[in-house]
Structures are given as structure tokens and as C-alpha cells.
Amino acid sequence: MTVFSRIRQVAVHIPEGRQSGQEIEEGLRARNPHLLVVPGLLHHMYGLEERCVAPAGTWPSDLAAAAGRQVLDRAGLSADAVDLLVFASVSSDMEEPATSHIVAEKLGLTAPVFDVRNACNGMLNALQIADALIRTGQHRRVLVVTGELVSRLSCWDVPDRWDLALRLPGLTMGDMGAALLLEADTTPGVLGTHFVANSAGWRAATLVNPFFGDGRPAALSIDSEALLGSFADMGAVGLEALHSMGVKVDDLAAVCVHQASVPFTQTFCAALGIPADKVVATFPQYGNVATATLPLQLALAVDSGRLQDNDLVALFGLASGASAGLALIQW
């Protein structure tokens, strides 16, 4: 009998804290009186209205465990029903051990665990891995989680306006936990995945590891123009991959795409011919929540009734490095 994998449940844990674009700009002015920060700058440049901010004392594992608990509760499953846990996040509690161990303890899991990291594509890569492990019979039920605390990558002390351009994107990043539960099934759910990379573009967005770096400060630095350029032609490759699976954009009930800003999303979707009403917009109200972006859109599409049983949905991942990925899902 042929075994496939299906996404049984998706859930997100959204922190209650909010920080508006105006509040962020006021904080910048207070810390950097030498800079001219124009009112409405973050909305004009990125389309940001507000972002989610977790309370002090929160760890990435807390957000991931909260989302994982929601998924298990919705599925009516206990912790011992999971036979693999994968943590896939930009954020992590520690360099050692893998944060997945901490999440597993908080959820009461005794299954094997490991972490996956690939910038904002971590969850999409984890879905690809879980699908492969289920289809080859190595696991039957895989819980994939993320816990993003990327608002803490915000750099508030900026020496000059040139440096400000590199720091501003980090001020649009928000916090969130997310979880996907994949199970073995006789009916296809994950219909296909495809990934490409342009590793020569890795310098466009960097966060130096403070333990193994070269002494540079551990601050997020994003050259937006270079980052956009590093994704050249990746969208077209993703569209070709979708077509090779026998699916056109018109066949999709919804499109989930990683959203680093409103203009970035509009440019990407226009290049692929994806109508705006197909896209689940999240950036203005939540900010860039890194690996939680795609699960957030999937959860919103399901909860709003936009995505029904057997509908097709495409997940387009874009991450610094640069890498791009596509997952075609039958819900």
C-alpha cells in the first residue's frame, strides 16, 4: 500500500503584545536624536501597521510549545501519539542543545527530536523532511514547530542614516509560535515540493554568531536591494515547478507566500501572475514573523473557511541565503 503524508492540523500562538509602526519610530527618535525619522516611515517603506511582541521572559520554546499544544488538543491526541518532533526556527533558546529537546520536555514528548535551520524557510524544509520520513515509513506522525522571537533582533542604536537602511527591516519583525501536525495517510496531502538556492547571495542579510564570529556586533543587517536581487528568477522557477505538478495558479484556493514586506510580496506575486485575492495577507498586522509566516497564513485560511477539504494551496518560501521553496498541498 502506498503511503502519503497529510497535514492534519495547523495552529499558531500569537502573543498579545503589539507594537505599532508609530511606537517603533518614536523609539528610534528617542534613542537616536541625530537621525531624521520621518513619521509613517515604516508604513510607507514596508506597509507595516503593527507587529506582535512577546512579553519579557518568553523563550522561543515557549511559543513553539504553546502552538504544539494547540495542534495536539485540536487533533484530540496526547503527547505520546507523536513519534518525531522537529523544531524549525530562526530563533533558538540555546546554541547547545537543540531547542527541540526543550520543546519536547514542555510538551511531555518522549519521541526523537531534531532542529532544522534555513533562515525563514526552516518550516518549509521541515515539512519537506517530515513528508519524506512519513512516505518512506520511518515515522507515522510528525509534529513540526517553530517559535520566533525575532522582534528581539531589532537594533535601536543607529550611528547614521546609512546604517539605518540596514537596520530598518529588523524593526518590522514580529514574534509568534506555529505548529504543523503531519500524519501518514492513504490519500495524498503533500503533493510535491521543490527548492532552489542562490548561495552567492548570502551576504545580503546576516546575523553574526556571537560565539563563533569575527568580533562584529551580533546585529541583524539587511541590504534590501541586494536581498531582492538574490531572489532573481527564483519565482519563475517556483511557478514552473507548480506547472510541472499539473497545477495552475487558477486551480489554487489560496496562496501562502513568505512576506518580508508589502511591496516585496506585491512584486513577487505580480511576477508570478498571482492575483492579490489569492494571497493571505499577514505582514501589515503581524510583521515579518520569519518561519511562522507560512503556517500563520495557512491557519488563517483554514479558520476563515477560505480553505476547505480537498482544496489546493501553494506555499512559497523565500529566505535569505538565498533560497526559495514551494510546497503544493491538498487540504
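**Close-up views of the cavities**

**View 1. Helix H8 at the largest cavity.** H8 gives the largest share of the lining of the largest cavity, 4 residues. Lining residues have an atom within 4 Å of a cavity point. Helices (H or I, at least four residues) and strands (E, at least two) are DSSP runs, numbered from the N terminus. This is a predicted model: local features need pLDDT of at least 70, side-chain atom pairs count only at pLDDT 80 or more, and totals for chains, interfaces and linings use all residues. Residues are numbered from 1 along each chain as its sequence is written, and side-chain values use heavy atoms, with hydrogens and water left out.

View 2. The structure holds 2 cavities of 30 Å³ or more. A cavity is a set of points, on a 1 Å grid over the protein atoms alone, where a 1.4 Å probe fits but cannot get out.

**View 3. Elements and classes around the largest cavity.** Strand S8 (190-197), helix H8 (234-244), strand S12 (312-319) and strand S13 (323-330) each supply at least two lining residues. By class, the lining has 8 nonpolar, 5 polar and no charged residues. Ala, Val, Leu, Ile, Met, Phe, Trp, Tyr, Cys and Pro count as nonpolar, Asp, Glu, Lys and Arg as charged, and the others, Gly among them, as polar.

**View 4. The second largest cavity.** Its volume is about 40 Å³. Met123, Leu124, Leu127, Leu180, Leu294, Pro295, Leu298 and Leu315 line this cavity. Helix H5 (122-135) and helix H11 (293-303) each supply at least two of the lining residues. The lining has 8 nonpolar, no polar and no charged residues.

Key. 1 Å grid on protein atoms, 1.4 Å probe; cavity = no way out; pocket = protein on both sides within 12 Å on 5 of 7 lines; lining within 4 Å. Points joined across faces, edges and corners; volume = space filled by probe spheres on them.
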